[in-house]
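I'm opening my notebook on this one and jotting down what I look up as I go. Here is what I had on screen.

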Amino acid sequence: MREISYMEALREGLRQSMEKDDRVFLIGEDIGIYGGAFGVSAGLLDQFGPERIIDTPISEAGIAGACVGASVTGMRPVGEMQFSDFVVLAMEQIVMQGAKMRFMFGGKAELPFVIRLAGGSGTGAAAQHSESLENWFVHVPGLKVVMPSSPYDAKGLLLSAIEENNPVMFFEHKLLYKMKGDVPEEMYTIPIGKSKIVREGKDLTVIATSIMVPRSLEAAKILSKEGIELEVIDPRTLKPLDEEPIIKSVIKTGKALVVHEAVKTGGFGGEISAMIMESEAFDFLDAPVRRLAGLDVPIPYNRNLEYHAVPQVENIVEEARKIVQNIY
Amino acid sequence: MAEGKKEQQLIGGEIERSKAEDLLYKMVLTRTFEENALEMFALGKVHGTMHVSIGQEAIAAGAGPALKEGDYLLNTHRGHGHFLMWGGDLNLMMSEFLGKENGYCRGRGGSMHIADVESNNLGAQGIVAGNLPISVGVGLSIKIRKTKQVVLTLFGDGAANEGAFHESLNMASIWNLPVIYLCENNQYAMSMAFERAFRIEQISDRASAYGIKGLTVDGNDVIAVHQAVREAADRAREGQGSTLIEAITYRYQGHSKSDRQLYRTRDEVKKWMKKDPIPRFAKLLDIDEEGFNKIEEKAKVDIKNAVDFAENSPEPELSTIMEGIYA
């Protein structure tokens, strides 16, 4: 199969969606001639013109509001938060308006919009351009939250998100944009709310999101040489969460580790952990469910500090080894 | 005023007589609805909070009816009048107010979130200025679909000091969107007086900062509001973009149910009551006391019937609590 990057996969998904459905349009800062801060929308202005690739002033609430208003009147907008951190400036429109409108109106409105957000650390962009804020949105009824970890998933989930008749928060990772992988040229969808077992193993279930999926796979390779086999599950959709495969896996391995980049306190790991405890997997646990996550710190500028602030491959190896060997 | 038979008269050179009479009835109906609502709160028949527009009815009477079928409405939290003027059914509205299953929003929204998406009434609003960015999206949608619709976005003086106001008006302006921004300046953002929150004479002065047309009208004058909104809609449909209309009015009651109104004097309220929009519009229509009493009687009967209808309507089943969150 053809290999393209995560960014190219997203771009192809956007292009194919817009070719297929003229209700789809893109709106965001510098997405036109500039091609998006990270280049995701490069070239789309030439193909679709400024009516459908809409460059905005620096107005995040306006972008989100445009998505709410356009979607409730029959369009299918895809908004972009240039850095996911900037979503704080659009919270009211997303959380108070977009997420709740259908419910407040008695189920009589549809809001098919997607907000794409470039998240994550590792680029030296410091505390206001590096956060992982996905769990804030997991806490909001009315939203769906998606986090692709590979080029294949990026395209398939984006196409699903655009076809979805609900607001979807689509968290991309800046460090994944250049990651290459097999991606079919034709349109295909990956259902929202379906997790994926990306590696099978018998000793420990690792539930990882976004960039922590490739890092966990790296860790699994290293541990495999020691005879430790990790089972790695990528929820892909954080909300609604596909619980069953995680529960089944934990019943099989008896051990679970959640890995994410967002800070640990109040993070998605707590949710996964609690879900496991409340399930029939509880009786099969041989060890406490552990969380490996970002330190409770704003992302530091200094390269070494930044690296240290979020889980790296060696941290996953070490934590997984401890759990399997019952030392913690 | 045009001479001729009563039914052919164009009231104030603006509204056909039969339509104007209906608007007067709906103004009275709005006030009766809200007075009744206040009573129901006092008697403990309804819970929560709500925001009444008593004294401000002329804006609703002049605004929505100046638009065409298919146009969009983005309402405020103080929007009972606008809802009725948009063609809302009184019984279903009352059911929503009482939280009943057959209400407009199945009892999930209540007074503050009442909407009727089917008639392009995109809902009342619980967040001050929350509807302003949404109007950008509705405007864009109209522009992309090339449908010649317009969107009427309502907000108060308080909303004009939110950041969302700036983002919204600027975006509507640069993209020439068919948005009518109608600011109901009722002199207070809860307890914050207009004079304390602005250093400008008129909120409409801000229009020039966005390069759009702005004007201030007497918000207690149905005709003035109707004319301003109609002309703004005409311009929007012709591709001439947005307008910021400021309608000056006054709210007689407190901001919401919990307001003790320590921020203003009784005399000030009384002074504004002399400019009450309802008798003023009745006078313009040459309706005498007897005629007016009949209108009031009809409104009371209609409200009573609506209350009966709503009280006899079913509560939502608890088993349906999770419905309507996702499509």
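**Salt bridges, whole structure**

I searched the whole structure and got 33 salt bridges over all chains. I counted a salt bridge when a side-chain nitrogen of Lys or Arg sits within 4 Å of a carboxyl oxygen of Asp or Glu. Side chains of opposite charge can pair when their charged atoms come close.

I picked out Lys20(A) and Glu163(A), whose closest N and O atoms are 3.2 Å apart. Lys20(A) is in helix α1 (residues 6-20) of chain A and Glu163(A) is in helix α7 of chain A, so this pair ties together parts that are 143 residues apart in sequence. My helices (H or I, at least four residues) and strands (E, at least two) are DSSP runs, numbered from the N terminus.

**Ground rules and confidence**

I'm reading a predicted model, so to speak with care: local features need pLDDT of at least 70, side-chain atom pairs count only at pLDDT 80 or more, and totals for chains, interfaces and linings use all residues. Residues are numbered from 1 along each chain as its sequence is written, chains are lettered from A and ligands numbered from 1 in the order in which they are written, and side-chain values use heavy atoms, with hydrogens and water left out.

I noted ipTM 0.95 and pTM 0.96 for the model. Chain B averages a pLDDT (the predictor's confidence in each residue, from 0 to 100) of 95, and 98% of its residues score at least 70.

**Two domains in chain A**

I found chain A divided into domain 1 (3-182) and domain 2 (196-324), with bounds from an automatic or database domain assignment. How far apart are the C-alpha centres of the two domains of chain A? They lie 26 Å apart. The contact (heavy atoms within 4.5 Å) takes 31 residues from domain 1 of chain A and 24 residues from domain 2 of chain A.

I then looked up buried area, the accessible area (1.4 Å probe) that two parts lose on being put together, summed over both. Domain 1 and domain 2 of chain A bury about 2,100 Å² between them, with 56% of it on carbon and sulfur atoms. In domain 1, Asn135(A), Val138(A) and Met147(A) lose the most area to domain 2, together 23% of what that side buries.

Two salt bridges cross between these domains. I also looked at Asp153(A) and Lys196(A), whose side chains meet in a salt bridge at 3.7 Å, N to O.

On the domain 1 side, α6 (134-138), β6 (144-146) and α7 (151-163) of chain A each supply at least two residues. The largest share, four residues, comes from α6(A).

**Chain A meets chain B**

How much area do chain A and chain B bury between them? I read about 3,100 Å², 67% of it on carbon and sulfur atoms. Chain A brings 42 residues to the contact and chain B brings 37.

I counted one salt bridge between the chains. Lys146(B) and Glu51(A) meet through their side chains in a salt bridge (3.6 Å, N to O).

I checked the peptide bond from Lys239(A) to Pro240(A), and it is cis, with omega near 0°. Pro240(A) is in the loop between β12 (237-239) and α9 (243-253) of chain A.
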